[in-house]
Amino acid sequence: MREEYVEYETGNVGPADASKAPRYAGLATFARLPQQEQVGRADIAVIGAPFDSGVSYRPGTRFGPAHIRQSSRLLRPYNPAADVSPFAEAQVVDAGDISINPFDISDAVKNVEDAADELRKDGTRLVMIGGDHTVALPNLRSLAKDHGEITVIHFDAHLDTWDTYFDAPITHGTPFRRASEEGLINKEHSLHVGIRGPLYDRSDLRDDERLGFAIISTVEIENEGVERAIERMLQRVGDGPIYLSIDIDVLDPAHAPGTGTPEAGGMTSRELLRMIRALSTKNLVGAEVVEVSPAYDHAEITGIAAAHVAYECISAMAIGLRDK
């Protein structure tokens, strides 16, 4: 009921009050936030994309949104690391899940784009929880209609700028190649962070640079430190509209075992959260946290990491909206 939710002096409605409703009870909305229809407006909406037909290895990310929501029950309304109460600063809601065709990737991509268009039409910013990384392409298509070329900050173990898999042009390994070819991304400012592991060929890196991305690898983060990585990131991305795309496999499997294509030698969850917080001064127009596959998770390790990552994205957006 409405009275279970915290109401702030700003007029925003926040999560269910944990002193009156146990965290383990009730619907598992993200961070126990109100559903969109309960509030009627949103500055920021968390939306699920239960889709995994674009994966090339382990399936199961269609169950990611529900897992992340369940793992988010312990999130609290004040973020001391960022010194912000994001749900007071912005009206944040859980907008449920997109109904996505599980059998036809082209139709699924259109489902996501249409849903993003509809949700964003009043200026709402989206934090999408997935779902596989295929959804990055329709999200960028939607955002480009309003913002033109978008700077992409892509946290991932993998480049996701390959051409095709089994002659399929749209998969979870190809979204940023298609986005670059379609003129959706800003080629002067886009960036991968956390890249590591074997590639098919040296030409993968040459192609990636041509498509408009710079790289901060985990080897560089290890050698130079996270503060230097943040400095390089902020220098690269500029001041234009930014889309934050986070594949949970950017984290080492010790921090995120529940994902489809794990790679050893990844970032820690602490490093990733720190880098997201550093973007609060930037114009974040959207974000996604993808590739959570709960069947491979243990004790909600991956789900908890993904929930905190999404929370930091929301916090950074809320600071940006407050300081506009």
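Colleague: What is the handedness of the crossing where α9 passes α10?

Modeller: This is a predicted model. In it, helix α9 spans residues 226-237 and helix α10 spans residues 269-277. Where α9 passes α10, the crossing is right-handed.

Colleague: Which residues of α10 make the contact?

Modeller: From α9 come Val 226, Glu 227, Ala 229, Ile 230 and Met 233. By class, the contact of α9 with α10 has five nonpolar, no polar and three charged residues. The α10 side supplies Glu 271, Arg 274 and Met 275.

Colleague: At roughly what angle do the axes of α9 and α10 cross?

Modeller: The two axes come within 10 Å. Their crossing angle is roughly 35°.

Colleague: How many residues apart are Phe 176 and Phe 213?

Modeller: The structure holds three aromatic pairs. One of them joins Phe 176 and Phe 213. Phe 176 lies in helix α6, residues 175-181, and Phe 213 in strand β8, residues 213-217. The pair links distant parts of the chain, 37 residues apart.

Colleague: Why does the pair of Phe 176 and Phe 213 count as edge-to-face?

Modeller: The ring centres are 5.9 Å apart. Planes over 60 degrees apart count as edge-to-face. The planes here stand at 70°, so the pair is edge-to-face.

Colleague: Is Phe 213 buried or exposed?

Modeller: Buried means under 20% relative accessible area. Phe 213 has 4%, so Phe 213 is buried.

Colleague: Over which ring does the charged end of Arg 58 sit?

Modeller: The charged end is 4.2 Å from the ring's centre. That ring belongs to Tyr 296.

Terms used:
Residues numbered from 1 in each chain as written. Predicted model: local features only at pLDDT ≥ 70, side-chain atom pairs only at ≥ 80, totals over all residues. Heavy atoms only, no water. Axes fitted to C-alpha atoms, helices over the stretch in contact; angles between N-to-C directions. Helix = DSSP H or I, 4+ residues; strand = E, 2+ residues; numbered from the N terminus. Left-handed = near helix turned anticlockwise from the far one by under 90°. Contact = heavy atoms within 4.5 Å. Nonpolar A, V, L, I, M, F, W, Y, C, P; charged D, E, K, R; others polar. Phe/Tyr/Trp six-rings, centres within 6.5 Å; stacked < 30°, edge-to-face > 60°. Buried < 20%, exposed > 50% of the residue type's maximum accessible area, 1.4 Å probe, protein only. Lys NZ or Arg CZ within 6 Å of the ring centre and 35° of its normal.
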